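Dear colleague,

Here is the structure I promised to hand over, with my notes on what was found in it. Please keep it open beside this email while you read.

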Amino acid sequence: MNIRTAIKLRFGAFMGCLLALTILAGCSQKENKGATTAGYTPQPVFKFRMVTTWPKNFPGMGVAAENLAKAVDEMSDGRLTITVYGSGEVVPALGVFEAVSLGNVEMGHGAAYYWKGKVPAAQFFTTVPFGMTAQEMNAWLHHGGGMTLWEELYAPYNLVPIAGGNTGVQMAGWFNKEINSIEDIQGLKMRIPGLGGEVFNRVGGSAQTLPGSEIYTSLQMGAVDATEWVGPYNDLAFGLHQVAEYYYYPGWHEPGPTLETIINKEAWDSLPPDLQAILRTASRMINEDSLSEYTARNNDALRELVEEHGVKIRRLPDDVIEALREASREVVSALPGDDELAQRIHRSYSEFHEDVMRYHEISERAYINLRPVD
Ligand code: CA
């Protein structure tokens, strides 16, 4: 055998091995496929539409809805796909509850306090003034009986709720003048919706309800003197520092708002148990993840507001906070009226709140007070 023949033979043997390896690899893939498809019944694929109360891809809240859809698609290997629609694309922001309730779409993402006109007690499942923080809300919902009450509250509307996000403690808001005492609140026109707005009226202010899209212009044109929105991350994106100089804390009116994922009951029942579990798990994931996102992004946004835009950060004076606290007690206690379920929700929320505060006095608050401020 000459050297050329030897090389040819060796090359042939190498190619043969390569071919054999390729075939083996191919066979093993096929076998794997064969193994997984043996006795395999094709699984039905579900395509859900999810309407939201947020503009498409709105930082934080809108992104949470997109992340939910992405996680469900990945976890279910495409067996459940969710198409996300921003507010106004299929229904207006405040039409989400009804659209999902009627089954016109399968799912929605928003916040329960938007439905207070239909279901006043729903507000307990987002946030109440001087109420629980994000961490405490999650504890009540998932380990304190809150979730069962929420499910009971939504059952007559053909809806299954799951917690689906949290912004953490919000900011008290933007003011075009300094607030030095409760006198400065008298007659002040502020965009502040929901229970916070009712409380604001009780202490002498004039609460206005405006959609997010109208806040900037209303403040710029002087239609309102002040506005709350969310916190530095969202407020910077809205440019509110361009139309008001003073940025007040703390967000007494929204101390830890929970967002919600709602699913039409028939659509929910049509899903096999594993897809229901995936949907629950994915919503719990965004419930945690959005809070993490806000916690991370608020810091950079606050720095930019102060250092680059000269925003003046102020704490609400003590007498204003005390007046708001007293008015909040009255407004929240009156909320359930004579509705039996609303009364049970109020009792459960209040008892849990008192208990959790007792321990948080000597844990969360005690520790936070230890930290240096600079
Ligand atoms: Ca707010």
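An open sheet of six strands runs in the order E7-E6-E8-E5-E9-E11, and its pairing is mixed. At its edges stand strand E7 (206–208) and strand E11 (312–315), each with a single partner strand, so one side of each is left without a neighbour in the sheet. Helices (H or I, at least four residues) and strands (E, at least two) are DSSP runs, numbered from the N terminus, and two strands pair if DSSP finds at least two bridges between them. Strand E9 (residues 246–249) pairs with E11 in the parallel sense over four bridges, and here Tyr246 has Lys312 in E11 as its bridge partner.

Before going further, please note that this is a predicted model, in which local features need pLDDT of at least 70 and side-chain atom pairs count only at pLDDT 80 or more, while totals for chains, interfaces and linings use all residues. Residues are numbered from 1 along each chain as its sequence is written, and side-chain values use heavy atoms, with hydrogens and water left out.

The calcium ion is coordinated at 2.2 to 3.0 Å by Gln170 (OE1), Glu228 (OE), Glu228 (OE), Trp229 (O) and Glu254 (OE); donors are N, O and S atoms within 2.8 Å of the metal (3.2 Å for Na, K and Ca), and because water is not among the atoms, sites may look incomplete. Along the chain, these donors follow the spacing Q-x57-E-W-x24-E.

Grid points are joined across faces, edges and corners, and a volume is the space filled by probe spheres set on the points. The largest cavity has a volume of about 60 Å³, and its lining includes Ala172, Phe175, Trp252 and Leu324.

With best wishes

Terms used. On a 1 Å grid over the protein atoms alone, a cavity is a set of points where a 1.4 Å probe fits but cannot get out, and a pocket is an open set with protein on both sides within 12 Å along at least five of seven lines; lining residues have an atom within 4 Å of a point.
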